[in-house]
Amino acid sequence: METLSTTAVLARFGKALADPTRSSILMTLKDGGAFPADLADSIGVSRQILSNHLACLRDCGLVIAEPVGRRVRYELSDGKLAHALEDLLEVILTVEPICSCPIEDCVV
């Protein structure tokens with residue numbers, strides 16, 4: 001295991017939130033753990049797509065997989081992440097009607 005610097009932690013968190021599917025996974029898991037099939041159904045993606053995103057979130061250290069019998073249940077790796085997500089949702093942003101950032105698919 002490696003302890004990351006503050007900027008590396010923020011970069012990983014930002015990478016996770018930059019993708020709508022990963023954001024949806026994190027938002028679902030902030031309310032409690034879930035099994036992959038249930039996550040896929042609730043956010044409307046295939047199990048394969050979900051699996052790829054869960055692997056990314058695991059690699060970023062944001063979610064953990066807990067064996068439950070023959071199944072695996074996913075949850076946020078730290079309870080503080082749920083609080084952080086709630087705090088982010090309370091931020092009110094004022095944005096320009098036309099997005100000029102270099103990110104593809106930037107929707108305003």
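Because the model is predicted, local features need pLDDT of at least 70 and side-chain atom pairs count only at pLDDT 80 or more, while totals for chains, interfaces and linings use all residues. Residues are numbered from 1 along each chain as its sequence is written, and side-chain values use heavy atoms, with hydrogens and water left out.

Start with the pattern. The chain has five helices and two strands. Helices (H or I, at least four residues) and strands (E, at least two) are DSSP runs, numbered from the N terminus. Along the sequence they run α-α-α-α-β-β-α.

Next, the inside. Of the 108 residues, 26% count as buried. Buried means under 20% relative accessible area, exposed over 50%, and partly exposed in between (1.4 Å probe, protein chains only). Now take contacts, meaning heavy atoms within 4.5 Å. Among those between residues at least 6 apart in sequence, 49% join residues at least 24 apart.

Now look at helices α1 (residues 6-18) and α2 (residues 20-29). Two packed helices are described by the angle between their axes and the distance between the axes. Axes are lines fitted to C-alpha atoms, for helices over the stretch in contact, and angles run from 0 to 180 degrees between N-to-C directions. The axes of α1 and α2 come within 5 Å and cross at roughly 105 degrees. The two helices are therefore roughly perpendicular, a term for angles of 65 to 115 degrees. Lys15, Ala16, Leu17 and Ala18 of α1 meet Pro20, Arg22, Ser23 and Leu26 of α2.

Stay with α2. Its N-terminal end is capped by Asp19, where a side-chain oxygen lies 2.8 Å from the backbone nitrogen of Thr21. Thr21, Arg22, Ser23, Ile25, Leu26 and Leu29 are buried in α2. What do the buried residues of α2 pack against? Their partners are α1, α3 (36-43), α4 (47-59), β1 (63-68), β2 (71-76) and α5 (79-89).

Move on to α3 and α4. Their axes come within 9 Å and cross at roughly 110 degrees. That makes α3 roughly perpendicular to α4. Pro36, Ala37, Leu39, Ala40 and Ile43 in α3 meet Arg47, Leu50 and Leu54 in α4.

End at α5, where Leu88 is found. Is Leu88 buried or partly exposed? Leu88 counts as partly exposed because its relative accessibility is 43%. Leaving aside residues up to four places away in sequence, Leu88 touches Phe13 and Leu17.

Notes: Angles under 35 degrees count as roughly parallel, over 145 as roughly antiparallel, 65 to 115 as roughly perpendicular and the rest as oblique. A polar contact is a pair of N or O atoms within 3.5 Å; within protein, one must be able to donate a hydrogen and the other to accept it, and residues adjacent in sequence count only if both atoms are side-chain atoms.
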